[in-house]
Amino acid sequence: MEAAKKSTRRKAGDAIRPERVNAILDALQKTYPKAVCALDHKSAWQLMVATILSAQCTDVRVNLVTPALFKTFPTPRAMAAASLPELEELIRTTGFFRNKAKSIQGAGRVVTEEFGGKVPQTIDELLRIPGVARKTANVVLGSWFKIADGVVVDTHVLRIAHRLELTKETTPEKVERDLMQILPQSEWIDFTHRIIAHGRAICVARKPRCADCPLEPLCNAEDKTFASH
Ligand code: SF4
């Protein structure tokens with residue numbers, strides 16, 4: 001499919017002009033109006049732990065592990081007091097379980113000792129917690145506290161931001177900075193949820209389902225599998 005491979009040349013800045021960005025946001029809103037975080041959780045603490053466990057792992061697998069984990073160690077204090085072998089056993093199937101066990105035990109300790117047992121609500125404080133980098137901090141702030149302090153950049157956001165030419169950067173930090181400049185702040189939280197839903201349902205990593213994609217008329221990705229224009 002030659003036409004699908006051909007990417008229309010754009011003038012610099014064309015791809016991020018506000019009308020195009022708004023059209024992308026509208027299409028995402030119409031397609032995924034109710035997209036939310038797919039990690040099961042009942043508190044900021046549970047969401048933070050689940051997000052730490054989701055590194056290099058599917059949300060489905062994390063959701064299989066967290067009920068027993070939170071039943072056994074229901075609070076940050078209990079998690080801090082847990083032994084590493086106990087934690088490792090409970091989270092083994094999420095991969096990288098030794099590092100993750102250290103992170104969630106350390107997170108329990110810092111949340112208990114430095115933040116009175118409550119997950120803090122600023123990015124600077126969140127980044128002091130073991131295992132928490134910008135992605136996890138933005139997930140907790142956005143999904144739980146509804147504070148739009150940044151844009152979550154996970155593997156789906158990274159891939160699709162490139163396909164939609166919203167950034168040329170490759171590191172999550174720089175991609176986040178670009179997205180924060182292009183997107184209205186009021187959209188930061190929903191954009192993430194919708195792009196992740198899109199990345200799972202249609203704009204998958206290998207062979208994206210472009211013929212079914214509501215963004216297709218707006219998209220000039222090099223690896224499109226279908227092009228109507
Ligand atoms: S047209 Fe294809 S590559 Fe572009 S956003 Fe849609 S699924 Fe992804």
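**Exercise 1. Which residues surround the ligand, and how do they split by class?**

Solution. Start by listing the neighbours: the ligand is surrounded by Arg 163, His 198, Ile 202, Cys 203, Pro 208, Cys 210, Cys 213, Glu 216, Cys 219 and Ala 221. Keep in mind that this is a predicted model. Next, sort that shell by class: you get seven nonpolar, one polar and two charged residues. Cys counts as nonpolar here.

**Exercise 2. Work out how the protein is divided into domains and what separates their centres.**

Solution. Take the bounds to begin with. Domain 1 covers 2-36 + 150-218, and domain 2 covers 44-118.

**Exercise 3. Is Ser 143 buried or exposed?**

Solution. Find it on the chain: Ser 143 lies in helix H9, residues 134-144. Now check its relative accessible area, which is 12%. Buried means under 20%, so Ser 143 is buried. Last, look at what Ser 143 touches beyond four places away in sequence: Cys 37, Leu 47, Asn 138 and His 193.

**Exercise 4. Why is helix H3 largely enclosed by the rest of the structure?**

Solution. Count along the helix, residues 44-53: ten of the ten are buried, so H3 is largely enclosed. Among these buried residues are Trp 45, Leu 47 and Ile 52. Then see what they pack against: helices H4 (59-72), H5 (76-81), H6 (84-91), H7 (97-114) and H8 (123-126), plus H9. Leu 47 already turned up in Exercise 3, as a contact of Ser 143.

Conventions
Residues numbered from 1 in each chain as written. Predicted model: local features only at pLDDT ≥ 70, side-chain atom pairs only at ≥ 80, totals over all residues. Heavy atoms only, no water. Near = heavy atom within 4 Å. Domains from an automatic or database assignment. Helix = DSSP H or I, 4+ residues; strand = E, 2+ residues; numbered from the N terminus. Buried < 20%, exposed > 50% of the residue type's maximum accessible area, 1.4 Å probe, protein only. Contact = heavy atoms within 4.5 Å.
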